[in-house]
Amino acid sequence: MAPDKPSVTVGKGEKKEEVSEQRGSSPKEEPVIRDELDEGKASTNKTSPEMAPDKPSSTARTGSKKENVPEQRGRTPKEEPMIRVGLSDGQASAILIADDEYVVRDALTGQGLDKFAGNKMTTVTIQGRQLAINGKAISAKSIRFSIADSRTMRYLSVAGKKYHGNIVLTLAQDETITVINEVKLDDYIGGVISEEMSPGWPMEALKAQAVAARTFAVYSLGLHDEDGYDVCATTHCQVYGGIASESPEGLRAVSATRGEIMTYQGKPIYAAFHASSGGMTAGSEEAGGIALPYLKAVRDPKDDATPNQNWQVTTSAKELASDLASAGFRVGTLKAIELTPLKLGEGAADRYPSGRLKEIRFIGTAQTVVVPGPKFRWIAGLPSTLVDIRYGTENKTILNEKGNIEISGPNTVIVFCGSGRGHGIGLSQWGAKALAAKKDYREILSHYYKDVEYSFLF
Ligand SMILES: [Zn+2]
């Protein structure tokens, strides 16, 4: 499902035409990459650990129960929290319909405003500076549509897509309409999981993904408060497509882990995940965030079926200098590159403990610049920062073995060769798929998130 804001997705830095890699043929085979830690996504630093609220949000009733035995749950039913998912901002109008009778209320006062028959379309626009329902201006600044009889399995649709829960339309400061889906947490996760992981994958991997996605959602509650909702429906938070995004397998994984989240010291963790680690995950500090005790670099199973395991990005000395200049790093003519050769799981002055780039040094005729690894990933369009360099001519390149790459001319070929895809932090989806052959979902999660506890929100 395409996110509403392609610009956000593109922030992943995948210049696909420049990246030669072995990808799965079906897009579903490649899970969506979590890249919220990376610098390249302009507005995404909200979710980096250093910026993130360390409070568990008020709606996240965590830590009060530490039941480790799944069979015990359900005995202490707690109310399932609602989450406000921003479906779109900046709309001039919104069109709703439902497959049963539905009502609209003032979202602030709860006062009933109107009632509509099933299958009857309602258009909300802006008139003057007010919301208008079917052409009639109203004073309410925020209105909530819901199915009249909430016990029925009937749903509202907005912009042609069907959703669980309510649809809230809010008049934003800039006199546009913000469209929000108020939905129960696990109904939301049901509309997320199959966007993140192929329903055809092993059930234990899907369950691990469900718990990670739920934990991430709880951690993110309130992230978009200033926009009037908790999370957005794009890769910035998690891609969510409502009922159309559900799959029977995904829903099974969600209900098998109903309400379950990971906590550390009683608080929901920052459950980052990514497509493929390339053999070793990254510590949370490796993408510019702070070191979180539960997000450390760990070995990841090598899975030969992983389409992202090895990749190459080819450029020339001239092109590279130009890309660097566009990003504000003007070196003049590139003369040399300094980078410690990659050894998986070995740090260096310019490499993190997993081997990922911490920084890379470019020596040019104008000046020498040192570019932080995560930033360089975006500049060069690399799938990950677990990377080394080959260089030479079109016919023959040699591997960086000395840490000092001499550039003989503008046409010198530079090949970035690396493995993995995404920031590398937390759960590796392809790794989880491989681990699922022998491990259950909690063992998979505990492989990627250290010393976490499992608790049930509801
Ligand atoms: Zn977001």
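Predicted model: local features only at pLDDT ≥ 70, side-chain atom pairs only at ≥ 80, totals over all residues.
**Entry 1: a hairpin**

How many residues lie between β12 and β13 in the hairpin that they form? I looked this up and found five residues between them, with E175 in the turn having a positive phi of about 60°. I note that helices (H or I, at least four residues) and strands (E, at least two) are DSSP runs, numbered from the N terminus. Residues are numbered from 1 along each chain as its sequence is written.

**Entry 2: around β13**

I then followed strand β13 (residues 177-184) and its neighbours. Strand β12 (residues 166-171) runs antiparallel to β13 and is joined to it by six bridges, and L171 has I177 as its bridge partner in β13. Strand β2 (residues 82-91) is also antiparallel to β13, with seven bridges joining the two, and here S88 has V179 as its partner. For pairing I use the rule that DSSP must find at least two bridges between two strands. Strands of a sheet pair through backbone hydrogen bonds, either parallel or antiparallel.

Is β13 largely enclosed or open? Seven of its eight residues are buried, so β13 is largely enclosed by the rest of the structure. I call a residue buried if 20 or more other C-beta atoms lie within 10 Å of its own, exposed if 12 or fewer, and partly exposed in between, with C-beta atoms placed from the backbone.

In helix α9 (residues 441-448) I listed Y441, I444, L445, H447 and Y448 as the buried residues. They cover an arc of only 155° around the axis, which puts them on the same side of α9; the arc is that of the directions from the helix axis to the C-beta atoms. Among the elements that cover these residues are α4 (203-220) and β15 (260-264).

L445 came up again in the largest nonpolar core, which has 89 residues and in which V85, A271 and L445 have the most contacts. Such a core is a set of buried Ala, Val, Leu, Ile, Met, Phe, Trp, Tyr and Cys residues joined through C-beta atoms within 7 Å. Helix α4 gives the most to this core, with eleven residues. I also checked A271, which touches residues including A212, F216 and M262, leaving out those up to four places away in sequence; contact here requires C-beta atoms, placed from the backbone, within 7 Å.

**Entry 3: the four-stranded sheet**

Next I looked at an open sheet of four strands, which has the order β21-β20-β19-β24 and antiparallel pairing. Its edge strands are β21 (368-372) and β24 (404-406), each of which pairs on one side only. Three bridges join β19 (residues 334-338) to β24, and I337 has I405 as its bridge partner there.

Helix α6 (residues 317-326) lies across β19, β20 (359-364) and β21, at about 80° to β19, whereas helix α7 (residues 373-380) lies across β20 and β21, at about 95° to β21. The axes are lines fitted to C-alpha atoms, for helices over the stretch in contact, and the angles run from 0 to 180 degrees between N-to-C directions.

**Entry 4: Y454**

Last, I located Y454 in strand β27 (residues 453-456). Y454 is buried, with 21 other C-beta atoms within 10 Å. Y454 and V211 are 243 residues apart in sequence, and from C-alpha to C-alpha they are 9.3 Å apart in space.

How values were computed. Contact = placed C-beta atoms within 7 Å.
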